[in-house]
Amino acid sequence: MIEKIGSFMALSSYRMHRIYLAATMRYGLGSNDPEELAFYNKIRGEMDDMKKDTVKIGIPLRWNK
């Protein structure tokens with residue numbers, strides 16, 4: 001987990017959590033801090049990427065054996 005957020009370590013865990021909540025709930029950030037904006041945009045980008053991936057749910061049934 002530390003490698004994944006490497007450049008965002010200057011932000012406190014509390015602030016990162018608040019930014020994460022704002023990003024996932026599609027709220028505005030309300031801050032001009034470059035580190036906070038970068039983390040917010042990273043979360044939003046990952047959310048957009050997840051929407052593009054197809055989700056396979058369930059067990060595929062094969063009638064032909």
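Predicted model: local features only at pLDDT ≥ 70, side-chain atom pairs only at ≥ 80, totals over all residues.
Buried residues make up 23% of its 65 residues. Among contacts in the chain with a separation of 6 or more, 31% are between residues 24 or more positions apart.

**How the two helices pack**

- Two packed helices are described by the angle between their axes and the distance between the axes.
- Helix α1 covers residues 13-24 and helix α2 covers residues 34-52.
- Their axes come within 9 Å and cross at roughly 45°.
- Angles of 65 to 115 degrees count as roughly perpendicular and those under 35 as roughly parallel, and α1 and α2 are therefore oblique to each other.
- The crossing of α1 past α2 is right-handed.
- On the α1 side, the residues that meet α2 are R15, M16, I19, Y20, A22, A23 and T24.
- On the α2 side, the residues that meet α1 are E36, F39, Y40, I43, R44 and M47.
- Sorted by class, this contact has nine nonpolar residues, one polar residue and three charged residues.

**Salt bridges**

- Side chains of opposite charge can pair when their charged atoms come close.
- With a cut-off of 4 Å between a side-chain nitrogen of Lys or Arg and a carboxyl oxygen of Asp or Glu, the count comes to two salt bridges.
- One of them joins the side chains of E36 and R15, at 2.9 Å from N to O.
- This pair links distant parts of the chain, with E36 in helix α2 and R15 in helix α1, 21 residues apart.
- E36 counts as buried because its relative accessibility is 9%, and the limit for buried is under 20%.
- R15, at 25% relative accessibility, counts as partly exposed.
- The side chains of E46 and K42 also meet in a salt bridge, at 3.0 Å from N to O.
- Both E46 and K42 lie in helix α2, four residues apart, which is about one turn of the helix.
- E46 is partly exposed, with a relative accessible area of 33%, and K42 is partly exposed at 26% relative accessibility.

**Y40 and its surroundings**

- Y40 is found in helix α2 and is one of the residues there that meet α1.
- With a relative accessible area of 11%, Y40 is buried.
- Leaving aside residues up to four places away in sequence, Y40 touches I19, A22, A23, Y27, G28 and L29.
- Of these contacts, I19, A22 and A23 are also among the α1 residues that meet α2.
- Y40 and A22 are 18 residues apart in sequence, and their C-alpha atoms are 8.0 Å apart in space.

**R26 in the loop**

- R26 lies in the loop between α1 and α2.
- Most residues other than glycine have a negative phi.
- Phi of R26, however, is near 60°, a positive value in a residue other than glycine.
- R26 counts as partly exposed because its relative accessibility is 43%, and the partly exposed class lies between the 20% limit for buried and the 50% limit for exposed.

**R18 in helix α1**

- R18 has its place in helix α1.
- At 45% relative accessibility, R18 counts as partly exposed.
- R18 and L29 are 11 residues apart in sequence and 9.1 Å apart in space, C-alpha to C-alpha.
- L29 is also one of the residues that Y40 touches.

Terms used. Residues numbered from 1 in each chain as written. Heavy atoms only, no water. Axes fitted to C-alpha atoms, helices over the stretch in contact; angles between N-to-C directions. Helix = DSSP H or I, 4+ residues; strand = E, 2+ residues; numbered from the N terminus. Parallel < 35°, antiparallel > 145°, perpendicular 65-115°, else oblique. Left-handed = near helix turned anticlockwise from the far one by under 90°. Contact = heavy atoms within 4.5 Å. Nonpolar A, V, L, I, M, F, W, Y, C, P; charged D, E, K, R; others polar. Buried < 20%, exposed > 50% of the residue type's maximum accessible area, 1.4 Å probe, protein only.
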